[in-house]
Amino acid sequence: MKAGKYVQGPPAVKYRGIFLNDEAPSLSRWAGEKYGGFKHGFYEKIFELLLRMKGNYLWPAMWGSAFNEDDPLNAKLADEYGIVMGTSHHEPMLRAQQEWKRHGKGPWNYATNGDELRAFWDEGVNRNKDFESIITIGMRGDGDMPMVEGGDMAANVSLLEQIVADQRKIIANRVNPDLSKVPQLWALYKEVQEYYEKGMRVPDDVTLLWCDDNWGNIRRLPTEPERARSGGAGIYYHFDYVGGPRNYKWNNTNPISKVWEQMELAYNYGANQIWIVNVGSLKCKEFPIEYFLNLAWDPSKWTNDNNLEYTRMWAEREFGWEHAGEIADLIATYTKYNGRCKPELLSPDTFSPVNYQEADRVAADFKTLVDKAEAIQASLPDNAKDAFYELMLYPAKAYATVANLYIAVGKNRLYASQGRASANDFADQARALFKADQEMSNYYNHELVGGKWNHMMDQTRIGYRGWQQPTRNVMPKVTTIDVPSEAKMGVAVEGSALAWPGAAGKPVLAEMDSFNRQSRFIDVFNRGKTAFQFTATAVEPWIVLSQSQGTVEKDLRLIVSVDWSKAPAGSTSGNVIIAGPNADLVTVTVNAVNPAEVNKDNLDGFVETDGYVSIEPQHFTGKVDSASARWDRIEDYGKTLSAMTIFPNTAPSVTPPEGSPCLQYKMYLADSGPVDVFAMIAPTQAFVPGRGLRFAVSFDDRPPVVVDALANMTQRDWEHMVSNNIHVVQSKLTISKSGYHVLKFWMVDPAVVLEKIVVGLGGVKPSYLGPPESFHRIGAKVGG
């Protein structure tokens, strides 16, 4: 220690904390086994954890427990550690919900039972008056429900205003007559925000705690006049949630690029008094929790330019410099994959087994990720292996196992519909993956560090039928088919769920083009148990087959490609004839596009193939910024590559084209007429009152068409948006002729986060991640 005075801080956000919520079954059972419940032995570890992560604020566990009653040492130790205590958004006046269940008299209804509630609250404030706290004021219904379901808004506002006035009288009487010296918050959660928007106000010294939509998208931020309030504003954020459209409690699904983007909004718009995040049962969420609290301490230190460096430094601190870069890349990759779809929302239909080889590509990505993680695990010293398993390998591999389970079920159902004998193999694979998931949980609970974390992976995640969790993991339904002894050939082609012989129409392979020079597949499969011989004949000389004959036991994948030196110019079709036993013949149409006007070497921009152009937004061909705003990349944001958004996020709204920053995407389109432009943006909310979330699109020199992404949004729309973690906004434009065109994406409001653009000319097929990026040449750079 060197002599002298050193100052750390002050922090940018005054109160920085976590909420131990939705803690059953995992954290509740673990705390019960290790500490006899949520007692001071447990909380002492939590207080230390908070201080190590630069936190100072806690909402304690409240499902079945009461912080102040269950152990008198809880509050005393919190004060000694310097941890500021509070209660959740629906537990006013420092009283836990469980305390009312244990001691309350009459209904939780202020209109009919005000005397009992005032006495109850008075006891809570008096009990904790000597400890540092933030007092939650206001009231929701019992069990975190609306105060009066379907009640009159004006009556509810009037009643809530009376509640707040009476609560503040209690606080003044018990703590300090000068209420500006007593930290208080009003949580504007769900319908409570509606009361505020309808005109209800609380005194300026009360902190307004704005909330996200429970899915990581902030609903509202302070306006300029609201930023002048002495109590300031804060944010209640979620890494975990119980409620519709689906619980998500099990794994880490929180990429820090998303956390940064939303909390940067919060800080820049003046919500800097309180940041608190719902962390569920803690485990698997260690990395984003620490990032959230570090960001709250100093948002200027961790920016869009160095988030990946934060991850690398974190990995180096935990596991040493040798593998820090690799581990940082794995963390960024697994959180991106996990964040695309909450595991509780996965289904056999999430990743398409038919279109764009999506299910196969996702499975291959998971295999690459897990293989890398296991290789690093094997190379680490023994004293680091358990920590790596907890922090990296389990969250990645366990999610991958569940995703692969649903992919296997999806293939089982598809193959059963086609009559494939291998359908039964995928049923067996699904059962094995279901078992592997449980085995990983058992290892985490019972064997890892000698059972140190027993029960932490008790949370169910497979078998949801509604928003609420199943009581146990339930194996998804698979189909087992009866397979006859005799051989019988079937043929399926990439891009179709049908199979021949037997299906209506003719099998047609998805288009191939001279830009991407992709290959397609034809599956020759057995509908029986006896192996058979087949032949495959390319009728046209430009069609190339991976093999011309072979033996099929269950499935054989035939790869079809094009010899472009022999392919005719323009659009052309050919045939592949598959012959099998019993004189079965299936003729597959092969389509190829080899434009004469433009080719792979002279292309400028993107090119339409197979009826669409798919674009990763960072691959713009031109960009126009303004004096007050610019488009820039958020690295590693979203489902695929990255995202583009406006900096600064406080830039004033504009009306394009004048003064509007613009992204430009030059493309060659073979078709003309109606065009669908699908802007795939983050599910950002209208956090500025009355503004919406607007952008504009246009082609060439046509006037920009302004779109409000949130106009006419219904509850069902919102559920679809957050479930898929993307908001797909469709605009209809017109192209007058084929050839080169420039799509322009204009800023209207800041905070639009653009993750992908798809220009549809009749060929876009259903998929979760959207079509893979189209071939493009931008200067000397080629991609797609």
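Two strands are taken to pair if DSSP finds at least two bridges between them. The model is predicted, so local features need pLDDT of at least 70 and side-chain atom pairs count only at pLDDT 80 or more, whereas totals for chains, interfaces and linings use all residues. Residues are numbered from 1 along each chain as its sequence is written, and side-chain values use heavy atoms, with hydrogens and water left out.

The pairing of β9 with β11 belongs to an open sheet of four strands, ordered β9-β11-β15-β13, with antiparallel pairing. Its edge strands, β9 (489-493) and β13 (543-545), each pair on one side only. From one strand to the next, the twist averages 25° (axes are lines fitted to C-alpha atoms, for helices over the stretch in contact, and angles run from 0 to 180 degrees between N-to-C directions).

Side chains of opposite charge can pair when their charged atoms come close. A salt bridge is defined as a side-chain nitrogen of Lys or Arg within 4 Å of a carboxyl oxygen of Asp or Glu, and by this rule the count comes to 45. In one of these, the side chains of Asp555 and Arg420 meet at 2.9 Å, N to O. This pair links distant parts of the chain, with Asp555 in strand β15 (residues 555-562) and Arg420 in the loop between α14 and α15, 135 residues apart. Salt bridges that share partners join Asp360, Lys411, Arg420, Asp523, Asp555 and Arg557 into one network. Arg420 is buried, with a relative accessible area of 3%, whereas Asp555 is partly exposed at 34%; buried means under 20% relative accessible area, exposed over 50%, and partly exposed in between (1.4 Å probe, protein chains only).

The loop between α14 (382-418) and α15 (423-447) also holds Ser422, which is buried at 3% relative accessible area. The side chains of Ser422 and Asp555 are joined by a polar contact of 2.5 Å (a pair of N or O atoms within 3.5 Å; within protein, one must be able to donate a hydrogen and the other to accept it, and residues adjacent in sequence count only if both atoms are side-chain atoms).

Elsewhere, Glu290 forms a salt bridge with Arg317, the closest N and O atoms being 2.6 Å apart. Glu290 lies in helix α10 (residues 286-297) and Arg317 in helix α11 (residues 307-319), so the pair ties together parts that are 27 residues apart in sequence. Glu290 is buried, with a relative accessible area of 10%.

Aromatic pairs form a further group, and the structure holds 50 of them. Trp59 and Tyr236 make a tilted pair, 5.2 Å centre to centre with 55° between the planes. Rings of Phe, Tyr and Trp (its six-membered ring) pair if their centres lie within 6.5 Å, and planes under 30 degrees apart count as stacked, over 60 as edge-to-face and the rest as tilted. Trp59 is buried at 0% relative accessibility, and Tyr236 is buried at 1%.

How values were computed:
Helices (H or I, at least four residues) and strands (E, at least two) are DSSP runs, numbered from the N terminus.
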